[in-house]
Amino acid sequence: MHAMNRRTDQSDGAGADPRGAHDTDVIVVGAGPTGLLLAGDLAEAGLGVTLLERRPAEISNLTRALVVHARSLEQLDARGLADELVAGGHPLTGLRLFGRATIDPTQLRSRFPFVLVTPQFEVERVLERRARRAGVTFRHDSEVLGLDQDAEGVTVRFRTAEGLGSVRATYAVGTDGVRSTIREAVGLPFPGKSVIRSLVLADVRLAQEPDSPLTFNATGDAFALIASFGGGWYRVIGWNRHRQAADDAPADLDEVRELTRLALGSDYGMHDARWISRFHSDERQVPSYRVGRVFLAGDAAHVHSPAGALGMNTGLQDAANLSWKLAAVLRGRAPDGLLDSYQTERHPVGKQALRSSGTLIRIALMPTAPGHAVRALAAQLVNHVRPLARRAVRTISGLGIAYPAGPGAHPLAGHRAPDFRLAGGSRLYELLRQGRFVLITPTDEPGVPQAPASGGDSSRPADDRMVTASWRSERRTALLVRPDGYIAWATDATAPAARAAALRGAVAHWTGTEDGASIAADLTPPAHAADTPAGR
């Protein structure tokens with residue numbers, strides 16, 4: 001997405017008061033991966049963004065996430081960040097869930113047919129750099145105390161070392177984690193329960209290097225995961241049924257060694273722990289991701305067990321879904337009601353993440369002989385029943401996520417768009433870096449720019465809302481792809497008049513064209529084009 005170092009005028013359609021009444025367009029609370037991606041998107045769309053973070057700037061976030069799945073890598077690719085992250089991480093072509101069950105991402109139709117092992121702080125590093133370059137205002141060491149909202153905006157109150165302060169914006173987003181102050185401030189419950197207690201985290205060195213950058217196993221009485229952080233450091237996450245303690249109870253290296261031996265058969269000569277902590281894992285989800293002008297995303301909206309490594313990935317995709325909608329409303333291209341689709345689209349995804357991770361952790365921790373048999377059967381099914389295996393890998397990778405498209409919509413509408421190769425050598429996700437809708441049509445579509453005869457990128461902006469491109473193949477389907485990489489609209493119609501009318505309507509509906517036709521006017525076929533094979 002391209003940086004636009006300006007703040008656009010507010011539109012009456014966004015329902016906002018004049019610019020002078022607000023300090024910024026959007027307040028984001030929480031500088032984890034979700035908040036950083038969201039803030040960077042909004043700033044690159046030309047909006048004013050203030051990011052409040054309780055931690056001082058020199059103190060890094062607690063890193064629990066270790067895995068980036070394919071769909072999250074695609075979202076990072078659409079921001080020009082994925083290749084750097086992949087280069088510094090460990091791509092794995094298989095992921096063991098429990099026992100002998102193996103998820104095979106190599107079958108995925110993606111530029112990233114693997115699981116990337118990389119610590120959360122590396123994801124935060126590239127996202128923070130992008131957000132700062134785009135002009136996000138960071139306010140570290142700012143403890144949010146509460147907020148007030150009205151018909152025109154929202155005011156967030158906070159405390160710093162210098163005293164009390166506040167900032168006012170049109171919208172606010174809480175990405176401030178499981179103990180979200182923003183969630184509490186808007187009075188939302190966080191129903192659910194603890195699914196597993198006395199998890200232990202440690203950063204250690206190993207005398208023996210594991211066979212894989214990510215090693216995991218569960219026995220019913222214990223599970224352990226060891227992941228390489230680079231530089232000779234490894235993160236260990238584990239649990240021992242026979243050593244349950246409160247979160248504030250001390251944990252030591254002997255306990256970490258014991259649980260890894262129980263789960264993995266070896267402690268790999270573990271030594272020199274630089275950090276050990278204990279925590280518990282909940283399954284919780286708020287009933288609504290929106291309260292007036294305030295939104296929740298990431299762990300502030302949903303938390304679940306670490307099984308499947310879905311937490312950070314789900315939060316990143318929350319942010320990608322919400323950011324383009326906030327930008328469209330704030331720039332006057334969509335009514336405020338578009339923001340309600342964030343709840344419609346993402347709440348079911350969060351619910352599915354809870355269900356998937358909960359199923360995995362419960363199967364992994366079954367302690368009895370019948371439980372072991374269930375785990376073995378589940379492994380056999382995942383490994384040998386192809387439809388089930390495909391569904392499992394698409395669910396965990398995020399590529400299987402689709403959004404409701406409404407009655408009468410094309411079968412492709414609402415689904416993730418693969419990284420199509422386009423005429424002139426460009427890729428869809430390279431075009432999505434512009435932060436616009438992408439219209440893909442056949443090469444000979446009337447009014448659509450043609451690919452240069454000698455190669456080169458044939459895409460061009462229709463205006464700052466949409467960029468057009470042509471298929472590299474003879475495909476006749478026309479697609480309109482949302483800025484978050486999901487298909488908004490498609491048609492297979494061949495009759496020129498019907499095709500042009502459908503295209504005008506779709507572009508007007510999704511990009512907010514004022515007269516309903518101005519962007520798509522050039523795509524209208526000549527008046528003499530006949531509905532014949534020659535005219536098609």
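Q: Why are strand S3 and strand S4 said to stand at the edges of their sheet?
A: In this predicted model, three strands form an open sheet in the order S3-S7-S4, with antiparallel pairing. Strand S3 (67–68) and strand S4 (90–92) each have a single partner strand, so one side of each is left without a neighbour in the sheet.

Q: What makes S3 and strand S7 count as a pair?
A: Two strands pair if at least two bridges are found between them, and S3 and S7 (residues 115–117) are joined over two bridges in the antiparallel sense. In S7, Val-117 is the bridge partner of Val-67.

Q: Why is Arg-79 called buried?
A: Buried means under 20% relative accessible area, and because Arg-79 has 6% relative accessibility, Arg-79 counts as buried. Arg-79 lies in the loop between helix H2 (70–77) and helix H3 (82–88), and its C-alpha is 8.5 Å in space from that of Gly-435, although the two residues are 356 apart in sequence.

Q: Where in H8 does a kink lie?
A: The kink, of about 30 degrees, lies at Arg-346, shortly before the proline Pro-348.

Q: What share of the chain counts as buried?
A: With the cut-off at under 20% relative accessible area, 56% of the 536 residues count as buried.

Notes: Residues numbered from 1 in each chain as written. Predicted model: local features only at pLDDT ≥ 70, side-chain atom pairs only at ≥ 80, totals over all residues. Heavy atoms only, no water. Bend = angle between axes of the 7 residues up to and from the residue. Helix = DSSP H or I, 4+ residues; strand = E, 2+ residues; numbered from the N terminus. Buried < 20%, exposed > 50% of the residue type's maximum accessible area, 1.4 Å probe, protein only.
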